[in-house]
Amino acid sequence: MKKSQRHNVLPGFGLTLGYTIFYLCLIVLIPLSALVFKTATMSWGDFVAAVTAPRVMASYRVTFGAALLAAAINAVFGVLVAWVLVRYRFPGKRLVDALVDLPFALPTAVAGITLASVYAPNGWIGKLLEPHGIKVAYTPLGILVAMVFIGLPFVVRTVQPVLEEMEAELEEAAACLGANRLQTFVRVLFPVMLPSILTGFALSFARAVGEYGSIIFIAGNMPMVSEITPLLIITKLEQYDYAGATAIASVMLLASFIMLFAVNLLQKWSRRFAG
Amino acid sequence: MSIEVRNITKSFGGFTALKDVSVNIPTGELIALLGPSGCGKTSLLRIIAGLETPDQGSIHFHGADTTGRDVRERKVGFVFQHYALFKHMTVFDNIAFGLQVRPRKTRPSKNIIADKVHELIRLVQLEGMADRYPSQLSGGQRQRVALARALAVEPQVLLLDEPFGALDARVRQELRRWLRRLHDELHITSVFVTHDQEEALEVADRVVIMNAGQVEQAGTPEDVYDHPATPFVYNFLGNVNLFHGRVDQGQAKMGAMELSTPELAAVPDRPAVGYVRPHDLELERTYSDSSSVEAAVRHIHAVGPIVRIELERGDTFETMEAELTKDAYQKLALLVGERIFVRPRKYRVFVDDYQI
């Protein structure tokens, strides 16, 4: 052992690291590897056939497309909500602040039923949209609405602390230097917020891709049109096609992982100034 | 460009930050706004900059009323205590910001901006750091970047809010001398806020001393230090010994000490306070006149060129502090516990405003 060993105030590095690895294996890695092993029972040809069937492909498009769009919508409006909550004082602010967390706390099935009934052709909002030929419930649009609903808190809660920490002096400095409001926002404030917006976007996206409960009620679940991938996995399971289910699941896992990794890289780039 | 502050009043909620403040700042001068925290000096600076609007009164730049004008149009350079640098921009981009955000018509070309920025980087002695981010700089370097950024837009007025407040003592001292030299080169009308009297007295052409939202005194550093106009200024600038007593028709009596105060000849019997700087106390072995008072030597701090001596008055048992040069101290050959006579060479007596 080296003499120049570092002494920490609290001992137990070996123990805690061991525990961390063991725990991660138990909770995350073993179940995920089971997924891969189960998939591996299929031949390559079967696997490709299972994950590229037209119905499956359509479900990828719906799921990832809607999730991406929902995350983008949340990134814009979540920032807006966070901005209002941080910058202004108004009556009922605490209530609004609490409301933001509701999609976190609500059981997804409750959210699904609520959304489905509100946006159904005879529901409160559906009734208003119906005459304009806009159908939300039981269409891909409904999936988008559900995904936006469940993803909103992620953006708000990641951007909020950054906005709170941002010094008012930055804006004042920009104004003293002659920048107008748009320039101040685009060149001074937005770049500071960007990493947190990207984090919120990634979290919102990941949640939307994996969402099941709140979507299936409003989606209508028409094959090739409004069927999401998680539902397809359930369907396969109900048909005792375990290998087929895990095959699709592993594709989703891979896709999610790549997406998160890409967003992480993007985040690192946008934080390059942190030194 | 001269700045005139006319009868500014400003309150925040129930708190009055500034009460009818007027200050004149001639072109090209470096002025310090000095005062304890909460005295309104930063509010005044922010009102001059246009970051805050006054409740009453007006600000005139070069004789023209600018009170209602937006910050963007005032052409002021503002340096913040905590730098307020744009963390996601390099040193170069920070300094160039003010030029890059100009409308296309008045924006200089890229080459001109680059030349100008590099010239400023040289001016603030940060050569070779153009591509660094603020997080890679020390506090002193960051503040110099902030200064260069403010200077880039060629402001007519430079305002600095406790510019060295967040720096450690040595960097502070270095930077304030550097600021003084820079000002001598550029001759831009500058106002800086500080609570550090040493900083104000060392750097500024003139010092405006503020307290509780009002100007106590304005003048050159020598002027305010040697001739404080109010008890507050006496207390705030440097150390001072206080003698409590009464004044009656030009004669102040503080314990056994009697001082003549011809300037207070018209004052009938009133409580009064005498102010004497430690270095204005004469220590003598023999009793000379009625302005002398007997005291005992309690402590002697003989480190450095100035010897500080703590004394206890024989009549009131109050503590006083005297400062002697090393020579004078050695000539006197003082010992702790000795009795000695103390006579103020220079003093000022103020009638105590406190009335029963």
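Visitor: Which elements does chain A run through, from the N terminus on?
Guide: The run is α-α-α-α-α-α-α-α-α-α-α-α-α. This is a predicted model, in which local features need pLDDT of at least 70, side-chain atom pairs count only at pLDDT 80 or more, and totals for chains, interfaces and linings use all residues. Residues are numbered from 1 along each chain as its sequence is written, chains are lettered from A and ligands numbered from 1 in the order in which they are written, and side-chain values use heavy atoms, leaving out hydrogens and water.

Visitor: How many helices and strands does that give chain A?
Guide: Chain A has 13 helices and 0 strands. Helices are DSSP runs of H or I with at least four residues, strands are runs of E with at least two, and numbering starts at the N terminus.

Visitor: What does chain B show by that count?
Guide: Chain B comes to 10 helices and 20 strands. Its C-alpha trace spans about 80 × 45 × 30 Å along the principal axes. For chain A the spans are about 75 × 65 × 30 Å.

Visitor: What percentage of chain A counts as buried?
Guide: 40% of its 275 residues. Buried means under 20% relative accessible area; exposed is over 50%, and partly exposed lies in between (1.4 Å probe, protein chains only). In chain B, 50% of the 356 residues pass as buried.

Visitor: How far apart do the centres of the positive and negative side chains of chain A lie?
Guide: The centres of its 20 positive and 14 negative side chains lie 6 Å apart. Lys and Arg count as positive, Asp and Glu as negative; His and the chain ends are not counted. Each charge is placed at NZ of Lys, CZ of Arg, CG of Asp or CD of Glu. For the 43 positive and 48 negative charges of chain B, the mean positions are 8 Å apart.

Visitor: Why is Thr67(B) called buried?
Guide: Its relative accessible area is 16%, so Thr67(B) is buried. It lies in the loop between β5 (64-65) and α2 (71-74) of chain B.

Visitor: Which residues does Thr67(B) touch?
Guide: Beyond residues up to four places away in sequence, Thr67(B) touches Pro54(B), Gly57(B), Ser58(B), Ile59(B) and Arg74(B). Contact means heavy atoms within 4.5 Å.

Visitor: What makes helix α1 of chain B largely enclosed?
Guide: Of the 9 residues of α1(B) (residues 41-49), 8 are buried, so the rest of the structure largely encloses the helix. Lys41(B) and Arg46(B) are among the buried ones. Just after α1(B), Gly50(B) takes a positive phi of about 95°.

Visitor: How do you know that strand β7 of chain B is mostly covered?
Guide: In β7(B) (residues 157-161), 5 of 5 residues are buried. Val157(B), Leu159(B) and Asp161(B) are buried on one side, Leu158(B) and Leu160(B) on the other. In a regular strand, side chains alternate between the two faces of the sheet.

Visitor: What makes β7(B) a partner of β6(B)?
Guide: The two pair in the parallel sense over 4 bridges, β6(B) being residues 76-79. Two strands pair if DSSP finds at least two bridges between them, so the count qualifies. Val76(B) stands opposite Val157(B) in β7(B).

Visitor: How many bridges join β7(B) to β8(B)?
Guide: 5 bridges join β7(B) to β8(B) (residues 189-194), and the strands run parallel. Leu158(B) has Ser190(B) as its bridge partner in β8(B).

Visitor: Which handedness does the β-α-β unit of β7(B), α6(B) and β8(B) have?
Guide: The unit is right-handed, with α6(B) spanning residues 169-186. That word applies if, with the strands pointing away from the viewer, the path from the first strand over the helix to the second runs clockwise.

Visitor: What is the strand order in the open sheet of 4 strands in chain B?
Guide: The order is β2-β1-β4-β5, with antiparallel pairing. β2 (15-25) and β5 of chain B each have a single partner strand, so they stand at the edges and one side of each lacks a neighbour in the sheet. β1(B) (residues 3-12) and β2(B) pair over 7 bridges. Ile8(B) stands opposite Val21(B) in β2(B).
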